[in-house]
Structures are given as C-alpha cells and as structure tokens.
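Biologist: Hello! Could you walk me through a few spots in this model, one question at a time?

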Amino acid sequence: MSNDLVHYVSQAPFDPTAIEALTPEQEQFYMASQWRMMWWRLKRHRVAVIAGIVLILSYCSIIVTEFLAPYDLHSRHTEHIYAPPQGLHLFHEGRFVGPFVYGLTYRLDMENLKRVYTPDTRDTQVIRYFCDGDEYEFWGLFKGRTHLVCPARGGTLFLLGTDRLGRDMASRLLYAGRISLTVGLVGIIISFILGITIGGMAGYFGGWVDSVVQRVIEILRSLPELPLWMALSAALPVTWSPILVFLGITVILGFLDWPGLARAVRSKLLALREEDYCTAAKLMGARPGRIIGRHLLPNFMSHLIASATLSIPSMILGETALSFLGLGLRPPVTSFGVLLTEAQNIEAVALYPWLLLPMLPVVVLVLGFNFLGDGLRDAADPYTDL
Amino acid sequence: MLNYLARRFLTVILTLLVISALVFVIIQLPPGDFLSTYMAELESQGEIVSPDKIEHMRRQYGLDKPLIEQYFVWVTGLIQGDLGFSFEYNLPVTEVVGDRLLLSMVLNFATILFIYVVSFPIGVYSATHQYSWGDYGLTLLGFLGLATPNFLLALIMLYFANVYFGTSVGTLMDDVYLNQPWSIDKAISVVEHLWVPVFVIGTSGTAGMIRRLRANLLDELQKQYVITGRAKGLPAGRLLVKYPLRMALNPFVADIGNMLPQVVSGSVIVSAVMSLPTTGPMLLEALKSQDMYLAGSFVMFLALLTVIGIFISDLLLTALDPRIRMHGTAQR
Amino acid sequence: MSGNLRCLAPVAIAVLACFPARADPIPATYIETPMLAAKVAAGELPAVGQRVPRVPVVVTFVGKERTIGRHGGTLRTVSGRRKDIQLMVVYGYARLVGYDTEFNLQPDILERVDVERDRIFTLHLRKGHRWSDGHPFTTEDFRYFWEDIATDADVSPVGPPRTMLVEGERPRFEILGETTVRYSWSKPNPFFLPALAGTAPLFIYRPAHYLKQFHASHAHPVDIMRRVKEAGQRNWVSLHFRHDRMYKNDNPDLPSLQPWVNSTPPPAQRYVFVRNPYFHRVDSEGRQLPYIDQVAMSIASAKLVPVKVGGGESDLQARNLQFNNYTFLKQGEKRNGYTVRLWQSAKGSKMALFPNLNIDDPVWRTLFRTTDFRRALSLGTDRHEINQVIYFGLALESNNTVLPRSPLYRKIYARQWADFDLVQANRLLDDLGLTKRDERGIRLLPDGRTMEIIVETAGEDTEQTDVLQLVHDGWIKLGIKLHAKPRQREVFRNRVFAGLAQMSVWSGLENGVPTPDLSPEELAPTSQQQLQWPKWGQYYQTMSKAGQPVDMKSAQELARLNADWRFADNRKTKEDIWRKMLKIHADEVFSIGLISGVPQPVVVSNRLRNVPEEAIYNWNPGAFFGIYRPDTFWFADDGKPGSK
C-alpha cells in the first residue's frame, strides 16, 4: 500500500545461458591444469620466487663457469699467497674511474712468519671486461681465453682473497659450485627413482611387499649414518678416477635418502588406491604400472616435487660432511665440501677468515632450496584456498 | 593392541639382527684388519714386526678364523651382554665406553631439550603470525642454523669461546675435574662447557622442528572447531592452548624416532671436531683402526637405542593419536 | 722409514770399553724432595739418601743456558692421540745406555758397560737401584725377561727379539752377581747397544716381582685362572702380555724406571704422570731428579692441538704442531705466556718422491731404472719455489741425504742434480729417445702411451698435495703429467709393496744426522719400507723368503757396502763406506728429495727452564725431547699452572 516500494524488473532481453557463460578470466581459471594453478599460487609466495630465481641463476652459472671466473681453477700466484680480499672501488680521489681495485704490496714479516699485504693507493687497476685471461678448456671440449671480467694487465683481481697456494677464491668458489650443485641434482634423481618405484610398489600392492619394504626402510633408518658412510666410501674401488668417485658419492647419498620419499609415496598410495577412478581403471584392464604412473602419481606429484626440493639441501650438506671426514671428494676435485675442509683449521678461523667464505654459498643454496620447496609445497597443497 | 605390540616387538628383534650383520660387514669392508693397521703403525715408527709374530698375534686375537665364525662369536657374545674386547685399548669394551656414555647421554639429552625449548615458542609464534615479518625472520634464522655445516660452526665457536670467554677448548669440563667424582662444581663446569656443542648440534635440529610445528599448527588452526571456538567467544590464548596445540604436539612425540639418530649422528661429528670426551670421537677412532669389537658393539648399541627410540615413539603416537589406531597409519 | 732399532750401530769399541760413570763427585748430602717430604716423615718412604742408588747419575750443568733448578710444578702437555701416553717413556728416556746431545752412547741406568770385541757385553747395574715401587732392581729382572719371556715357548713362540740374535744365534746369558749380567755371542753384534738406547727401545729387563703373579711358571694355577677370568682374557699368556707393556705405558701398577710414572688407568681424557721416588739421577747439589713433580697429558683430537696450545693450555709442546701453525701460535705468545721456538727436524728429507723400481709394468720399470730419467725428473723440480711458497724460504732445498749438521755432509750430496734446469732436463729426456709427444705436448712412452705419472700419497697431509701441485707445474714443462692420488694409508702401502704404484711421496731418511759409526742401512735395500725398492728390501728382511733379489748394479753395490760396514773395524773405513754410499745415492737419484731441515715449532712456557733454545727434533736418535733430559727441566716459580 506504500508507494515507496519499487519493483525492479530488468528490461534487457532474456538469455537462458547467461548464468552458465564464463568470463574469459573465469574460463582461464576453471580450465587451467593443475600445473598452471600451482604456478599462480607459487607466484604469490614472493620469497619462494626470489629463491627460485637465485637457484636458476646458480644453475645457469655452472654452464659458463669457465667464462665467469676471473681465473682458472688451478692457476696460482706465488707472490700473492693468503692475500686478503681486494675491495672494489668506483671513485678514486673523487673521480669516477670505473670499477677498480688497488694493487697489493707484499712484505714478509719474518718475525711472525706472516705475509703482510697493504693496498697501494697509487696503483689503480681497472677491471677489464670480455677480455683474454687464463686459458681454459670449456667443458673439456675446446679451448678458450675469454673471461667476463679480468684483472688489469699485470694486476690482480682477488675479490675474495687467495688461499695457501695463491689461488683466487672467487674462481674456486664458482668451480666448486659446479660440482656441488650437480651432486645435489644427480643424487636427488637417484633418490627419486628409487623412492617412487619402491614406495609405489609397497603402497599399491600392500600385503607382504609392503611389510618387507617397511622393514627395509626401518633398518636403513636405524643404522647410524656415520659408519654407513665410512663403509660405503671405503667400498669404492680405489682405482676409480675422481669423476667416478664423484658419481659414486652421489649414488651413495641418493641411496641413503630414498626411504623418506618412499614412505610418503607409500602412505599416499595406500589411501588413494581405494578411490573409484583407480578401481575403474583396474576394471578396464590397466596394468599396475600404468595405474600407478598415469593415475595415482600425478595426484601428488606436486607434493613429491616439493619433497625432492627439500631433500637437495641435505645432499649438499651430506657432501660437505663426507668431504670433511675425508670420505668424499678430495683435491684436486673441488667442491664446497673440499674447500671447507681446507679451511678446517685454526689458521683459517684466526688469521685468514676469507677462506671460510664457501660457507656462504652453501647457506644460500640450502636456504634457497628450502624456501622454494616450502613455496612449492604450499602451492601444491590442494586443501587450502586459492 | 597386544597383537600389534607383539608384532612390533618381533620386528624390532629382526631389525636388530639384520643390522648386526650389516654392521659387521661394514666394519670388515675396508681392506685389512686391526692387526694390519697396528703393524703399519709400528713399522712407520721404525719397528719391524716379523711375519711370524703377526701370525701369532692373529691367532691370539682370533682374527685368523673365517669371517662367519667371527661374526657368530661376536653376536652370541652380544646377546649375553658381553660387548667384547677392544684390541686398541686392551680392555673390555664396557670399561672403555663407561664414563663417556654418561657424558654422551648428557650431551644428547641437553641437545634435544635445547631443540624443544627453542623451537616451541618460535613455532607457535610463526604459526599464529603467519607471513608477518617475525615469521619470516624467525624462519630465516632457523634455516640458517640448518644450512651452516656443523663442523665449521664448531671450530669457529670454539675459537671465539676460547678468545672471548676463556673457555678451554676440546673438553666438557675444566681439567681439574676430569678424573674426580661428581660434585656441584663439576656440574657447573660441565654446563659452562656444554652450551657450545649443544648450540652447534642443536641449531640444525631446530629448523626442522620449527617447520613441522608451524605446519601442523597451521593445519589445525584452520579447522572448523577453531572457528567455532572463536565464534563462541573463547579468548584467543586459551583457545590456542586447549585444542590445537595438543594436536600440534604430535611431531614432538613422533619425531623422537627421527631425531634420535640425527642427534646422535650429528653429535659424533661435532664431538670429533671439538674433541669432547663423549662416545663420538671414540667411535670414529675405532672405525678407522678397525677395532672390530669396540666399533661393532658400539654401533650396535647406537642402533639399539635408535630402534628402541623409534619403537617407543611409535607406541606413544599410537596412544596419543586415535586416528592411527583406527587407520593403522600415521598422518603426516 | 727403515728399522731404526737396527739402524744405529755402536760407537767404536774403544769408547765403549771404558764407559765410566761420569767423573762428577757424588753429593755428600741430599736435599729432600718437598712433594715427598710428608711421606718420608710418615715413614712411608725412605729418605732421599736411601732412595737413590749408591752411585747415582750426577748431572752437572755447564754454561748459562742450563742451570740447577728446584723441585715443584706440574708440566701440562697436550696430545692428539690416546696412544701418546707411550711418549712419556720416550720423553723420560731412561735407558740402560742412552744417547747424549752429541749422539754418543753413554751408560744411564747402567753404571758401566764392558764390551769385548763387540760381542761380549757385561752390564753392571747400580747398587741400591730400585723400581718405582721400592723393590730392588737386580739381575733377577734380567733373568726373568730372558728365561721367562724371551725364551719361554708359550710367551714367545717366535723366540727372542731380532736384535738379540746374530745370524740366528742366541746369546749366552750369564748372571755374574746381583748387579752384573753378561750377554755373549760368537760373532759381533753391533746392533745390541743401539737397540738398548733406541727411542722405542729393546727392554731386556722386567719388574719380575710384579709380573710373576701373572706367569704360569711362578704363580699358583688357581690364582692364575682366577686372574684370567677376572680380566676377561683368553689365557695366562694374554693376561701376562696385557700387564707387561712397558713401552705402551698403560698399566699404572707396572713398576717403572722412568722419571715419571703413569698414575691414571686408561681410558681417560687426562693422564697424570707422577714422579718416580726412586729415580736414579740427581743434580750436583743433591736434589733427586726429576725437578718437575707431575706431568699432566690431556688427550684431544690432533686438529685441535694447535688451538689448545695457542690458548695456553700446554707448557711444553712440539707434538702435533706443524710449521704452518707457527703464525697462529706466535699470535698467542703474549696473551698466554709462552714463546715459540724453532727446532730443526732431522729427517734426511721432509718430503721425497720415490719412483718404484720394482713396479710391475715393464715399460715403466725400464724407464725408472734408467738413471738419466730420474735425473731429468729431479732437474725438473723447482725446489726453490716449494721452499718459498710453503716454508717462507726457511727450509733447505736439497736431495734426500744427510743434513749439514752431520759430519758426513758434503754439499755435492745435497745439490747434485737438484738445480731447477728445464733445458738440461728436456735434453736428457730427448737423448733417451723420448721425443714423441701427443697433441697436448705430453711425451709418449716407447709403447705409445702418454707419460703420465701417478704419484700416490697417504692422503693425510695437505702439505703433500700442495707440493705435488707445484711439482706438477714443473714437470708439465718437461712433457710429463703428474697426477696426485691420495689413498688410505693401508692401501697406499700395500700398492707400493706390491709394485702397483708408480711413484709415492713420503719423508726421506729417518736419521739425517748420522755419524760414520751408525749403520748405513737406510741407504741400502734392507727394508720393505723403502718405497723406491720395496721388493728388494723385503727380500733382505725376510732373509730371501719373499720379495725379489736385487738385480740392479748400483743397488747391489749399496748392499755390498752395507755388508762391508758391519765388519769394518776402524772409523776411517766406516767413513769411506758411508761416503761411497752417499755418492752413489747422489749420482743415481734413487729418490727425489725435495726439502729438508724444515723448522719444527716448539712451544715452551716462559716459566720453564733448561729447555734448549735451538735443538734437533728427531725420533731416533733424539727421542724428541729425550736427549735433552726433561727430568732437568724446571719451573722458575712455584710451578702452579696459571701463575705468571
């Protein structure tokens, strides 16, 4: 009866499919594959993205290490043993000169038997780019001389100082990264394969297969790591070349890591194999391998990837620990572990602290993998809201 | 329940047997045996040992028997509680290990305590203030602890403790207390020296624990009953403690099984670097010189501890988490 | 590396035959040791006059560097291995006869030794000399060793120690009284006395009164069975053996003649060695040595020892300290009240390369046996650079030979073929016909393989890896590629012995300061430990049962000269033989010595006196500190650690 009430009826023509039509964004959203969605969620996790970029850069750098490093891995400078890091300057006496370092003057303190280096402020050594430096063999395939940065002619560029034979630490770090990063990757691949196959079989077939696998996992978990490492390293034939030893180490590390993954795979499969689509596939005659590989695994591949990413750091740390114990890689092969072992003495801590710098890349890498792994896991988790 | 217990117990025994075989093989793997190492050492000091004498000693020590026989001798001895005889120290293993075992346990226990005490508040804070600066900062700290290689950190901390605090290095107590019975002063001295190794070993364990606690707590906080509780007006603190936290304590209990081997292993390397009077350095030395009984029995002992630890933690978990009893698997 | 017990032969007969006790007068009165005064007053110990032998060793100090000291104090030291408690027997260096600082033999525990024709040795003990538990030290202890240990079929099924056998013949053992005993052979035994004086010596006596309770011939069978069960041993022989380790020094109940006696049962982290109240040396004012009351040895890991020492935890330390620790140790001097001295290590070479003349591979064997090849390798090594880079130029660049301090030294032994001369080296290689090279510039072997030498190391020393890196850079200019391969020590040695390893790295002559009266064994193929000819050495060692006979002329010459030396009867002949052998080594370059005379840092507390400023640091002879008599070191204050 009040004439304030207003009825509203749209005057537009009636389109019966309006409700069901999707805007382009919505269409994108609903039709997106699992991987797409993961990627979107990952992008929102800023720290993980940064970590991912750092890691990708690191892995890219190992492709061109010879080019990036100012010096060769083995080149040594007898007059610059235990030289401290040279600071990079831009301005010399107020003028912009470009990135340069001051030359080092060297004096031997016979009283303390110490080498004393003082920067010579009159000797500015400007860094050169895309220049000819130490000769190298690119990936052992062809020779080259071009480096990204080189010291000035007749000068030195020890951005991170030198070690006891006068070798540039920065270059050694880069070369060491190549080995350490590869160890992590190869090890994780081995662990992945082992974990998925064994865990998959245990989870899918159940019964006695499951029991046996569980027992094996338990045994491996209870064995104290250290004697196992020592024994396996001792078992590596002594006639192997450094490369083979290196591969052997990665196999050992991978071999010790698969139980974790296997357990995760197993528990997931135990739950998932009761699902309807799995039963349907079985009824249609699919073989167990196909069921596991095509239907079950993709369900939690994302979780697996996250797990794997989180395992790489333990491989890297494992390699450093093995090298420290003298069981892993040894010079002349250079990895972070080897570098750290060489710094494992009181002189490095008290007198030449720049030798401890290999710790930094290890920390950065481990952090990077952990953050990325965290991000991946959050992104892969289907139970939280987008 | 009893069925389950019995089955688990049997598997424990089986596991230990297999481990003993593995350990034996592992120790025998490097070429040579205790006597050849001993001989090498004598010769490098300029003493020449005649081959006849070596044969004689080999017979004395029972090293001339086939490996299988040596294995059985050892295992039967173990079952009877006879840990065997150390060639190196020329004493029964139990005497050699004696005092060090106590210190080892003190060290490991203190480390686990450190891990719990540190990770608990950090984990809770991280979960309740997710994605805040505090969360990121603390997680970063935790990861830093994980990422730094133990042995290097040990050396650095040793040096600084020595220079800035005057703590003597490489020992768990001041020299004067070394051979004396326990007293208040000795205990204080131990605590003074203990914090460095505990810190070094514990830092890597805290990161993992923080992450797990945070993840579990986050899961719980999103459950329906929490929202219900908040809607009903429960104060946030009380709400947190009464329900989700108890669930989130799962990993603390479950992880004893995981943490135990890690802590024991980690402490071996750090103890070796810092040369603490615990079992770690002794084990390393025994492995290197292939002192069969000492190394083997001790590794078995460690394995036994680990297996029992896992067993207990599984039991505890079963008791604590009804879901396991129902479904037969642990939620992770 | 070879057997040191045999390596050191006696001084000439004339000197030995008249071994007087030192002509210093026996003090009229003795000064009681403060640490033991209470016990003496309580009647538990006899007064000092009754504790020392009737004719003790009287030590006099000449010159300003060493002075009479006073009693008191605890000497702290650190060690990297638990086994190093046996070092107290080394440092204590109480021997029947011992080396003095000039490396001459002098009677120490013995009052006198009469030697007849180098084959009959009459040993005179000191009357009134007692073990550390007060029981008299008599010839019964020698008899116990000889009859109940060395020749007992159960205890020693392989017979007496080698140095007591002359071509398999056992000595005739006679007891001529309570303090006189005689050993006679039908042929000369020049190794007997040096074995007694060795750093890890031949002990021909035992505390019989203590050990009899563990011996089946002396103890009641029931007691023995009980003891065997209690100790968890297999039989009475192991029981006896376990209690009888005089050198290992791990049984605190075992009576001893050393200046300090272990009082801590193993295993422990810290061992305390307490003064021996019946020690046989006194100073000229009548104080019974040692001056220092106790030695406390802490066990740490080898890597931590420099840290601990740098933190002031040791009063006297050389063990486990290396040259590259010097800078760090110097830093801690002021803060911790010690000084770092540099003694000279007496090895013939700190590091030498040993081409394996017994290698299986025939091509390499021919090449290694070609003298000019070895000479070329030596000429291609830049020893100067090694010295500069690693040792600050403080070491000696020389071959693996005797050191300048030895009376046998001649410059030519050290420097022949030791210059860095790439031109000449390359020419030598070219003249050998090894002119073909591959595309990298590496020379080819006669059968076409590239000339790549794998040098194996025991992998324990980063210094070795560094040096090999430097050597590699030199040899690459000769067209030879060097690969360094670290191996575990066991494996390393076995590969060398078996002829599988091409070249190895190790230290050189064990004793770099010999006199002509010491055996030149190390220069001839006499031991498997000589890495350049392990199989020839093994042949000699096992008396032709294993190994290979020497089939190279120059090495045969060395073996002949070594045999001649044994029967040389005057010093001049011995010296000639030595010189011939040294010259052969210099000419033939059997081992490529790199560096010698490396300084050894020795940390000495500022409160400790009578420690030489400069000295030789050597295992045998030398006993590290032994010949400098740590029992004469003393603290110049009340001796309590921590006081400055």
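Biologist: Is B:Trp195 buried, partly exposed or exposed?

Modeller: This is a predicted model, where local features need pLDDT of at least 70 and side-chain atom pairs count only at pLDDT 80 or more, while totals for chains, interfaces and linings use all residues. Residues are numbered from 1 along each chain as its sequence is written, chains are lettered from A and ligands numbered from 1 in the order in which they are written, and side-chain values use heavy atoms, without hydrogens and water. Buried means under 20% relative accessible area, exposed over 50%, and partly exposed in between (1.4 Å probe, protein chains only). B:Trp195 has a relative accessible area of 37%, so the answer is partly exposed.

Biologist: Which residues is B:Trp195 in contact with, leaving aside its neighbours within four places in sequence?

Modeller: B:Trp195 sits in helix α8 (residues 184-221) of chain B; helices (H or I, at least four residues) and strands (E, at least two) are DSSP runs, numbered from the N terminus. Contact means heavy atoms within 4.5 Å. With those sequence neighbours set aside, the partners are B:Met157 and B:Phe165.

Biologist: Let's visit chain C. Why do the buried residues of α18(C) line one face of the helix?

Modeller: Helix α18 of chain C covers residues 422-431, and its buried residues are C:Ala425, C:Asn426, C:Leu428 and C:Leu429. Looking down the axis of α18(C), we find these residues within a limited arc, so they line one face. The arc is taken from the directions from the helix axis to the C-beta atoms. For α18(C), the arc is 155°.

Biologist: Which exposed residues does the face of α18(C) turned away from its buried side carry?

Modeller: The buried side of α18(C) is covered by elements including α15 (371-379) of chain C. On the face turned away from that side, the exposed residues are C:Val423 and C:Asp431.

Biologist: How do α15(C) and α18(C) pack, roughly parallel or roughly antiparallel?

Modeller: Axes are lines fitted to C-alpha atoms, for helices over the stretch in contact, and angles run from 0 to 180 degrees between N-to-C directions. Here the angle is about 155°, with the axes 8 Å apart. Angles under 35 degrees count as roughly parallel, over 145 as roughly antiparallel, 65 to 115 as roughly perpendicular and the rest as oblique. That makes α15(C), relative to α18(C), roughly antiparallel.

Biologist: Is C:Phe103 buried or exposed?

Modeller: C:Phe103 lies in the loop between β3 (97-99) and β4 (105-107) of chain C. Its phi is near 65°, a positive value in a residue other than glycine. With a relative accessible area of 12%, C:Phe103 is buried.
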